[in-house]
Amino acid sequence: ETITVRHYSESTTMIADFENGALDLVLDVSETDYLAAEDGAYGDVGTRLFPTWDLLAVCLPEYNPVFDDIRVREAISLAIDTTAITNAVCGSLGEVAQSILIDGVAYYTPVGIHEYNPERAKELLADAGYADGLEMVCVIPTMPTNDKCATILQEYLRAVGITMSVESYDFATAIPILMANGTDISIFGTGGGTYLASMILDTIGQNSTNGGSRVTDAEFNQHIEAARVALNDADRQAEYDAVQQWAFDNYRTLPIAYAQAATIFHNNIGNVNGLNARSVDLVAVTID
């Protein structure tokens, strides 16, 4: 009859209250607390992982002329170990991305993971005229995911001769820089809560307001528009498959990870479902 929602600014206190029985269910817990719950640290409790519908990707902007050469874009994809970055940034709450669409979204097709081959990356950079290396700047809004990803990316690129400096700012400072195309290479996220293929592609296609991720290629956008107006699911799926394959083959958007979020609950709580771990359907939850 009554649902009480409590907001915590500090996870230690929240987990202590959960252990003491003051909380029946805890949303969006850290990876550490999720793994502890899985290992039985909090007794006989249940756990659930939910998609956050957030894609982490590295984007190679069209406004940067260095990336006009597909060999440079492919070299950067070869320089990046996608699985290792996912594990380092997201841990057990991450899934390696295999498309620019998110696993679980309608019309998602896993097209694959780009090969990690730094020696081949060096060869391509030399072929493109950059045997002596490149220098780039990466501007990011300060947050743990961005900071971790940028630091790791910096090291992978350094190993193939690309020096990337990272400038991390608060959102109020970073966003105007990004909107003015002030980053040479972009770390991109959908931010979560994006559930439709068309919405995700709005952040990457020609209508995107984000120059760092915008792709204006005619073929790419023709497939997007054809998917929007398709009259049946089979035709729409075929167009979205073409969109995802184009992205994989052209290296403008390099998908890294899909994020997940964890919920933990006592064993008398049942039917824990919902859109994601920040919006469990509390009306449906049962209590024994």
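The largest pocket here has a volume of about 1,100 Å³. Keep in mind as you look around that this is a predicted model. Rolling a probe the size of a water molecule over the atoms shows where empty space is left.

Start at the middle of that space: of the 40 residues that line the largest pocket, Asp 54, Met 143, Thr 145, Asn 146 and Gly 191 lie nearest its centre. Several elements each supply at least two residues of this lining, among them the strands β1 (25–29) and β2 (45–59) and the helices α4 (82–90) and α6 (144–158). The largest share comes from β7, with five residues. Sorted by class, the lining of the largest pocket holds 21 nonpolar, 14 polar and five charged residues.

Now move to the second largest pocket, which has about 700 Å³ of space. Its lining is made of 22 residues, and Ile 3, Thr 4, Val 5, Leu 25 and Leu 282 are the ones nearest its centre. Here β1 gives the most, three residues. The lining of the second largest pocket divides into 15 nonpolar, four polar and three charged residues.

Finally, find two helices, α3 (residues 70–79) and α5 (residues 118–127), whose axes come within 8 Å and cross at roughly 160 degrees. Angles over 145 degrees count as roughly antiparallel, so α3 is roughly antiparallel to α5. Their crossing is left-handed. Residues of α3 including Val 72, Ala 75 and Leu 78 meet residues of α5 including Ala 121, Leu 124 and Leu 125. Across this contact there are eight nonpolar, no polar and four charged residues.

Conventions. Residues are numbered from 1 along each chain as its sequence is written. This is a predicted model: local features need pLDDT of at least 70, side-chain atom pairs count only at pLDDT 80 or more; totals for chains, interfaces and linings use all residues. Side-chain values use heavy atoms; hydrogens and water are left out. Axes are lines fitted to C-alpha atoms, for helices over the stretch in contact, and angles run from 0 to 180 degrees between N-to-C directions. Helices (H or I, at least four residues) and strands (E, at least two) are DSSP runs, numbered from the N terminus. Angles under 35 degrees count as roughly parallel, over 145 as roughly antiparallel, 65 to 115 as roughly perpendicular and the rest as oblique. A crossing is left-handed if the near helix is turned anticlockwise from the far one by less than a right angle, and right-handed if clockwise. Contact means heavy atoms within 4.5 Å. Ala, Val, Leu, Ile, Met, Phe, Trp, Tyr, Cys and Pro count as nonpolar, Asp, Glu, Lys and Arg as charged, and the others, Gly among them, as polar. On a 1 Å grid over the protein atoms alone, a cavity is a set of points where a 1.4 Å probe fits but cannot get out, and a pocket is an open set with protein on both sides within 12 Å along at least five of seven lines; lining residues have an atom within 4 Å of a point. Grid points are joined across faces, edges and corners, and a volume is the space filled by probe spheres set on the points.
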